[in-house]
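I opened this model to look up a few local features. My notes follow in the order I made them.

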Amino acid sequence: MKTGLACAFLFLLTILQAAGETIFLEAETFASSSDGWKPHENPQTRAASLAEALNGASGDPGGTATSPKIQARGELRIWVRYGYHNRFRGPFALSARNESGVIATKAFDLAPKPGQADWSYAWDYIDITTDKPFQIQLSKHENKNCTGYVRNVDCVLITHDKEAEPDHRVYGPQVWMRVSLGDTYQRPLHIHVFADHYRSPWYSHWNLSKAGASEGLRPKQKSDLLSAGDQTPWCNITRMLHEDSGAILNITARYTYGDRADHLNAKIEVATEPKEEAIVRTFDVDAKPNGMVIIMPAHLETPNQRRWLKNAREVSESTGKIADNFDWPTIGKKPTRIPFFASFRPSGYGTPVEKSIEDREWKTLDYFGFSNREKYRLHGGIWKMKDKSFCRPDLEYMKQTAALHAREFREAGKSIENVAYCFLTDEPTGQPLAFVSQDSGYHEKFRDWLKNRLGKTPEELLVNHWDEVKPVPNGDTHPALFYFTQRFRTRALGDFMATQREVIREAYQSDFPTAVNFSDGAVYSANFYSQGVDYFELLDDDQQNAIWSEDWSNGASSYQCAAYNVDLMRAAAKDRDQLLGHYLIAYAGRKSWDIKTKVAGETARGVRVWNSFSYGPSWGSHEGGPLWRNHAWYSKPEVWRANAEAVREIGAVEDMIYEAAAPPAEVAIIYSSSSDIWTVGKNRAFGFNRMHNWMAMSHAQIPVDIVAERQVERDQLDGKKVCYLSGPNLTRSAAQKLRNWVKRGGTLVLSAGAAEKDEFNRPMTTITEIIPAKRSPLDTRQAFLNSGSYIGRLNSQDTVDQTMEVLSVQQHQIPADGAEVTATFSNGSAAMIKGKFGKGTIYSAGFLPSLDYIKKAVVARDKLQTNYREENPPVPPGNHPAPPVELEETPDTPGADPRLLRSYNPWEFPADVRKFILAPVREAEVTLPLTCSTPLIDAIVLRSENGLVVPLANHTLTEQDKVQLTVKIDGNRVRKVESVHHGKLEFTLQPDNTISFSLPLAASDYVMIHFEP
């Protein structure tokens, strides 16, 4: 398709040369001397003309690309358009050459361009004077290659007019629209078009009138308004559309921007040229309420593009037919106690559609069993501050707006009892240290927090007077102030949220769960302070009654890490019983297996309100991308059953699981926020070791509680037999409590460098002096500053017992007298030492074992996927690039391991490494409420008043014919055992006060063990 259009441009070139007008050239039509310049179509070229560019990032460093011969003469300006990013340089040279040699040359993209947006395309130029025909040649600056993100050359404009602003859009395929009004209107009006794009810039407003198409909310002249029966001229709407994706056009008839007609009665014609014979589609509209949604591709030059020109009704009805004939699950039921929503908007962006379309979309949604009809979700809409500071809430605005929203809520006849939660905003973070340290509002609130809420003194903050106490941007000179500054980033955010909660409570005269959606940054970086949101700081406050996150886990080692994020939320909410809510990410390539295991694993850890994102419909939002490659799960019937089953599984067990919780575990992972503070931006390896310790335990069905430093200070290690600690810092108070706990009989497992420094990053001996070894200084061999999926890039620095890799850091240790060496490095020195302190036991590792556990699994999966792709190179549909994992969810894809098709997750976890990590748990004889015959099945026992619930998430990615479970029943008499998917299960009562049963297991299931009254 692109080749044919490019040839047309070359024909245009010859015509324009003869006329002496501006000459337009697509760079990808240039002739390349080698593989150093190649046409590319990928995410970086989507803003290029026709979404393709000439890329010179790789290949032959000396390669060139040369244009056809250009006949223009005189003083000329040559404009070139190229992809730009502030952080990445892709310099290239453009030379004008004739038979005598180089006329002129200039290097482009040598330095950042102030004000130019990242991932946009920039224009720049070179002036030449020539009396002969010439050619344009592109070459690589200094014959060097660069990152593939840049050195994308889009097009060239050659003009005599040096005052003209370059614009490539007038030279590509054009799209035209004409609107003929019906005769039912009593007042003059215009046609408003809200263009909802699929990427930045996201939105634009246009109006169609007698003057044609103009960008803006209304026509410039009242005389341009349309009367009943009027017709607009042919309006060029090309600028409404993005080059790669077109736009969703939300069309309404309006008297003014804020005054809409009650209906839309018109004929809308779309054409490739402004003439009758070029009309592609005609839409006859008689819509009440007033509104129509049209999905418009980028151009209409080919039959493939034209087939995607649709309106909302066409998409709604075709999807509805699939839903009406779908094989819907019959297990379970629709939940009523645990709200489960879908992100559902049966309208355009602020544009209503005909009621019949809305009704059809509700009918389709109802098949899934979501809570959208019965429950409400409020959006606070009062996220307003002065001077951009969380410490300066705009109370007047908040109160006025909340009162308005509450009045509209009541006038709509809605009941406050049906509000499931209130959302304040999406993905906030702590404000940057540079801002915090300069804002006077932060200074005042920071000092008040330390003095009156934490009860600190200047001496405890390592300063002499209160007037020295203020937020600081780094820890170089005031480590105590820096530590508390980092914590205060979350506290300021929390207080700002709490202010809004109180305003909303007053407006609605009711209290309900109020939260923001926090990005799952704890998964990306394994460090709270990369985003400045520490759950333990936030929820250690009576003003917070809920917390919400999402399970994107983009770049994670496994989507299972999202359950770790929920476990962090559960741990932080434990002391005050705040509600846990969550977005289920069920689109953007998520497979059915991923969806099911995420819901089961996260419900097991306490999520009690759900919202499935992003459902759609595809015509109502840009969220899933253009219709022809839409990944909203509304457009993916292959995942419909998984979503419906996930909802119905919750409904089946909600009466038992709603109030159920896991009993306190005997194993703990200490979460050191002080380590996060001092390692952020330096090395994420400690946090990833902590996260994958948790994963190894889940794979062996070992219950674990995450315990924060301040919870250790409050004696919440009592009752634990084993705890794990990763990271160099620990508060002195927590360290002393931990030491006392070990002395009384606890088993402490330390990774390399753990607990060597306090919260102010000062050396600390509280723990190091009881370790059964003398530690050498921690040696950081390779800092890790990426996300989990890139953990395979860590190089092995040594080996342990000839099988495990030493990754990122290493610490040599000399065992103390009486200590036992349980593992060694390649040179025979101690890699793991075990010894006694008081009645307790300490294990001290000189490396980070869980990094090896996850690296081996990630590398194994990546190797399989790479091999598959080399043997089966993807062919992107519709000339669009394949996403990172483009494997169809079908069992018969040739040459592919079925597990690759089922999930993004790895599954080949090394059993020997897991055994090493969990050896302290086994030796401490930890009591397990459940045992399972199959590793990698996440199974947690939740206790309710009437029995037990065991959510099962199968991370083997293989359907299991028989999974054997043995569950402690603590003296209760069991009435029956039933599975959501398999019904009643036979069980055997064992002499050790347990029951045993088995069941087949696909991705997920829930087992209910009912006790006799």
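**Helix 3 against helix 4**

I began with a handedness check: helix 3 and helix 4 cross in a left-handed sense. I note that the model is predicted. I then looked up the contact residues. Helix 3 contributes R313, S316, G320, A323 and D324. Helix 4 contributes S356, I357, R360, E361, K363 and T364. I sorted the residues of this contact by type and got 2 nonpolar, 4 polar and 5 charged.

Next came the geometry. Two packed helices are described by the angle between their axes and the distance between the axes. For helix 3 (residues 312-324) and helix 4 (residues 355-366), I read an angle of about 30° and axes 9 Å apart. Helix 3 is therefore roughly parallel to helix 4, as angles under 35 degrees count as roughly parallel.

**Strand 26**

I asked how many residues of strand 26 are buried. The count is 5 of 5 for this strand, residues 514-518. I checked each face. T514, V516 and F518 are buried on one side, and A515 and N517 are buried on the other.

I then looked up the neighbours. Strand 25 (residues 419-426) runs parallel to strand 26 and is joined to it by 3 bridges. C422 has T514 as its bridge partner in strand 26. Strand 27 (residues 546-550) also runs parallel to strand 26, with 2 bridges between them. There, N517 stands opposite W548 of strand 27.

**S618**

Is S618 buried or exposed? S618 has a relative accessible area of 4%, so I log it as buried. S618 sits in the loop between strand 29 (609-616) and helix 13 (640-657). Leaving out residues up to four places away in sequence, I list its contacts as I248, V315, L627, N630, Y634 and S635.

**Backbone exceptions**

Most residues other than glycine have a negative phi, and most peptide bonds are trans. I looked for departures from this.

- The S200 to P201 peptide bond is cis, with omega near -5°. P201 is in the loop between strand 13 (190-196) and strand 14 (203-209).
- The K288 to P289 peptide bond is cis too, with omega near 10°. P289 is in the loop between strand 20 (279-287) and strand 21 (292-296).
- L462 is not a glycine, yet its phi is positive, at about 65°. L462 lies in the loop between helix 7 (440-453) and helix 8 (479-508). I log L462 as partly exposed, with a relative accessible area of 41%.
- D715 has a positive phi near 65°. D715 lies between helix 16 (709-713) and strand 32 (722-725), in the loop. D715 is partly exposed, at 36% relative accessible area.

Terms used:
Residues are numbered from 1 along each chain as its sequence is written. This is a predicted model: local features need pLDDT of at least 70, side-chain atom pairs count only at pLDDT 80 or more; totals for chains, interfaces and linings use all residues. Side-chain values use heavy atoms; hydrogens and water are left out. Helices (H or I, at least four residues) and strands (E, at least two) are DSSP runs, numbered from the N terminus. Buried means under 20% relative accessible area, exposed over 50%, partly exposed in between (1.4 Å probe, protein chains only). Contact means heavy atoms within 4.5 Å. Axes are lines fitted to C-alpha atoms, for helices over the stretch in contact, and angles run from 0 to 180 degrees between N-to-C directions. Angles under 35 degrees count as roughly parallel, over 145 as roughly antiparallel, 65 to 115 as roughly perpendicular and the rest as oblique. A crossing is left-handed if the near helix is turned anticlockwise from the far one by less than a right angle, and right-handed if clockwise. Ala, Val, Leu, Ile, Met, Phe, Trp, Tyr, Cys and Pro count as nonpolar, Asp, Glu, Lys and Arg as charged, and the others, Gly among them, as polar. Two strands pair if DSSP finds at least two bridges between them.
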